[in-house]
Amino acid sequence: MSAMRVDAKVVMLGKESVGKTSLVERYVHHRFLVGPYQNTIGAAFVAKPIQVGEKVITLGIWDTAGSERYEAMSRIYYRGARAALVCYDMTDSSSFQRARFWVKELQNCEEHCKIYLCGTKSDVIEGDRSQRQIDHHDAQDFADEIGALHFETSSKTGNNVGDCYEYKLLNIKSLPGFSAEETGVDLGQKKDSYFYSCCHNN
Ligand SMILES: Nc1nc2c(ncn2[C@@H]2O[C@H](COP(=O)(O)OP(=O)(O)OP(=O)(O)O)[C@@H](O)[C@H]2O)c(=O)[nH]1
């Protein structure tokens, strides 16, 4: 059996229960799982083939466990990642501190990894504004400071977890097997999608 080729490695990082697995579920399987929360143990891997023009590339998404117990393990998974989606729960201020931790870690250890800052559970805030614990502007200022794009998402509603125009969003300049003509980035209306947040590489 031949090994699967992964063209772009993407890693999910963030405190436990911020919603990393739910983002992957929404993006890859178009669903939101209800029921008791099950924490990720170690890490989970999912491959997502996507069409780019006439070619198909494979995204390899590593969904790490947020529990600090697995911190050392998570370091293994961001090695060589092309992009990191650093998640925080907009209704949990401590998760933002944890996001800062991961950003510092990536800046120190994985300088070529593009960082995207992702606020989760926007549907909860839309239902009740008092639930917001992280001010949008504070998070945006932090994203600006570290040169990251910032997204507010909901895996429950699919808000900003876009996947329909992904081929237009992917900047594949440095992926193997693609010519310069195939690398045009047309962000269109979808520049705030989760996919873009994972894969856009300036
Ligand atoms: N309302 C709402 N709940 C969410 C959303 N995303 C995740 N959740 C809930 O938050 C809990 C944790 O979600 P997970 O996706 O398992 O979180 P995780 O970051 O993968 O957690 P670990 O595996 O422990 O690192 C679950 O009960 C989810 O149903 C969202 O967008 N909206």
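In the predicted model, Val 86 stands opposite Leu 117 in β5. The pairing to which these residues belong consists of seven bridges between β4 and β5, and the two strands run parallel. Between them the chain passes from β4 through α3 to β5, forming a β-α-β crossover that is right-handed. On its other pairing, β5 is joined by four bridges to strand β6 (residues 149–152), again in a parallel arrangement. Within this second pairing, Gly 119 stands opposite Glu 152 in β6.

Strand β5 is mostly covered, with seven of its seven residues buried. The residues Lys 114, Tyr 116, Cys 118 and Thr 120 point one way from β5, whereas Ile 115, Leu 117 and Gly 119 point the other way. Residues on both sides of the strand are buried.

The surroundings of Val 86 were examined next. Apart from neighbours within four places in sequence, Val 86 is in contact with Leu 13, Gly 14, Ala 99, Trp 102, Val 103, Ile 115, Tyr 116, Leu 117 and Cys 118. Val 86 also belongs to the largest nonpolar core, which comprises 38 residues. Together with Ala 84, Cys 87 and Tyr 116, Val 86 touches the most other members of that core. Two or more core residues are given by each of β1 (8–14), α1 (20–29), β3 (55–64), α2 (71–78), β4 (83–89), α3 (93–109), β5 (114–120) and α5 (136–146). The greatest contribution is that of β4, with six residues. In soluble globular proteins, nonpolar side chains tend to be buried together.

Attention then turned to the ligand. The shell around the ligand contains 21 residues, of which Gly 19, Thr 21, Ser 22, Thr 40 and Gly 66 come nearest. By class, this shell is made up of twelve polar, five charged and four nonpolar residues. Both α1 and α4 (122–127) supply at least two residues of the shell. The largest share, three residues, comes from α1.

Two residues other than glycine show a positive phi. One of them, Ser 17, has a phi of about 75° and lies in the loop between β1 and α1. Ser 17 counts as partly exposed because 18 C-beta neighbours lie inside 10 Å, a number between the limits of 12 or fewer for exposed residues and 20 or more for buried ones. For Lys 121, which lies in the loop between β5 and α4, phi is near 65°. Lys 121 has 27 C-beta neighbours inside 10 Å and therefore counts as buried.

A further loop residue, Asn 39, is placed between α1 and β2 (43–52). Asn 39 has 12 other C-beta atoms within 10 Å and is therefore exposed. When residues up to four places away in sequence are not counted, Asn 39 touches Glu 16, Ala 65 and Ser 67. Asn 39 and Lys 9 are 30 residues apart in sequence, and their C-alpha atoms are 22 Å apart in space.

Definitions and conventions
Residues numbered from 1 in each chain as written. Predicted model: local features only at pLDDT ≥ 70, side-chain atom pairs only at ≥ 80, totals over all residues. Core = buried A, V, L, I, M, F, W, Y, C linked by C-beta atoms within 7 Å. Contact = placed C-beta atoms within 7 Å. Near = placed C-beta within 6 Å. Nonpolar A, V, L, I, M, F, W, Y, C, P; charged D, E, K, R; others polar. Pairing = 2+ DSSP bridges. Right-handed = clockwise from strand over helix to strand, strands pointing away.
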